[in-house]
Amino acid sequence: MTDQLRLMAVHAHPDDESSKGAATMAKYVSEGVDVLVVTCTGGERGSILNPKLQGDRYIEENIHEVRRREMDEAREILGVKQEWLGFVDSGLPEGDPLPPLPEGCFALEDVDKAAGELVKKIRSFRPQVITTYDENGGYPHPDHIMTHKITMVAFEGAADTEKYPESEYGPAYQPLKVYYNQGFNRPRTEALHQAMLDRGLESPYGEWLKRWDESGHKDRTLTTFVPCGDFFEIRDKALIAHATQIDPDGGWFRVPMEVQRSVWPTEEYELAKSLVDTSLPEDDLFAGIRDNA
């Protein structure tokens, strides 16, 4: 009954869908699951992180248009649907003290009002499962934190006709599960790091682990391990499609595919809320739902 299963992934910027849970989405698409990515902002204030494209005047002057085209390409590669929520990128503030966020940006929107826009998407698409970020945003980008906030409000609000009337937001609907993406977790990182060292290869994760130790990084609870190693190439291809954001010769791609598949062939999630019975740990985001679809 997979044609009745629907997964919504809520992300802050174009490229986030390809770096967080992309192989999982491609796996479910291959099984006939309907997958929709909701992108909250256009990524207008994102830096050009690919050194090969830095200094390109056209890209700098048309970054919003360029990133939309990149998203189109990544969407086709993953085989998912994708819709924009229409908010403006907040940028990543830097400095001490941090500068104020720019007026009109996503992170300064009223949470309940912004969540209402996501409620419309949920009521229209009717996903049983939603994925998003934890309360820290996965990392403390203001747009990631705001994405968490509006997703959690919308998860409850999609069924609340007093707060979000059907006349404006569409027929009420209650999703059944919401997960936090936890792909950047210590067990995975340590396992891949050690595997590279054991093979006499340079690991891209040494400094990463050191920073975690120095910052007192707290590990999250991993509840769900989705086997999706067969879709890692699709994940990487979709990520590379975001050419302004990803250096194809960078650290993202330094662990050989055979090492990834043999050592850590899953993507991980933290079950945040569930309205169905399930046993942990899981290997399926639709555990407790699939048999009753």
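Predicted model: local features only at pLDDT ≥ 70, side-chain atom pairs only at ≥ 80, totals over all residues.
Two residues are said to be in contact when heavy atoms of theirs lie within 4.5 Å.

Leaving aside neighbours within four places in sequence, Val259 is in contact with Leu192, Ala195, Arg199 and Trp264. Val259 counts as buried because its relative accessibility is 3%, and buried means under 20%. Val37 stands 222 residues from Val259 along the chain, and the C-alpha atoms of the two are separated by 29 Å.

The description now turns to the nonpolar cores. The largest of them has 27 residues, and those with the most contacts inside it are Met8, Leu85, Leu118, Ile122, Ile130 and Ile150. Among the elements that give two or more residues to this core are strand 1 (6–11), strand 3 (81–87), helix 5 (111–125) and helix 6 (142–157). A second, separate core has 26 residues, including Leu5, Met25, Tyr28 and Ile289.

Finally, two helices may be considered as a pair. The axes of helix 4 (residues 63–78) and helix 10 (residues 232–241) come within 8 Å and cross at roughly 170°; helix 4 is therefore roughly antiparallel to helix 10. Helix 4 contributes Glu70, Glu73, Ala74, Ile77 and Leu78 to the contact, while helix 10 contributes Ile234, Lys237, Ala238 and Ala241. By class, this contact has six nonpolar, three charged and no polar residues.

Technical notes:
Residues numbered from 1 in each chain as written. Heavy atoms only, no water. Core = buried A, V, L, I, M, F, W, Y, C linked by side-chain atoms within 4.5 Å. Buried < 20%, exposed > 50% of the residue type's maximum accessible area, 1.4 Å probe, protein only. Helix = DSSP H or I, 4+ residues; strand = E, 2+ residues; numbered from the N terminus. Axes fitted to C-alpha atoms, helices over the stretch in contact; angles between N-to-C directions. Parallel < 35°, antiparallel > 145°, perpendicular 65-115°, else oblique. Nonpolar A, V, L, I, M, F, W, Y, C, P; charged D, E, K, R; others polar.
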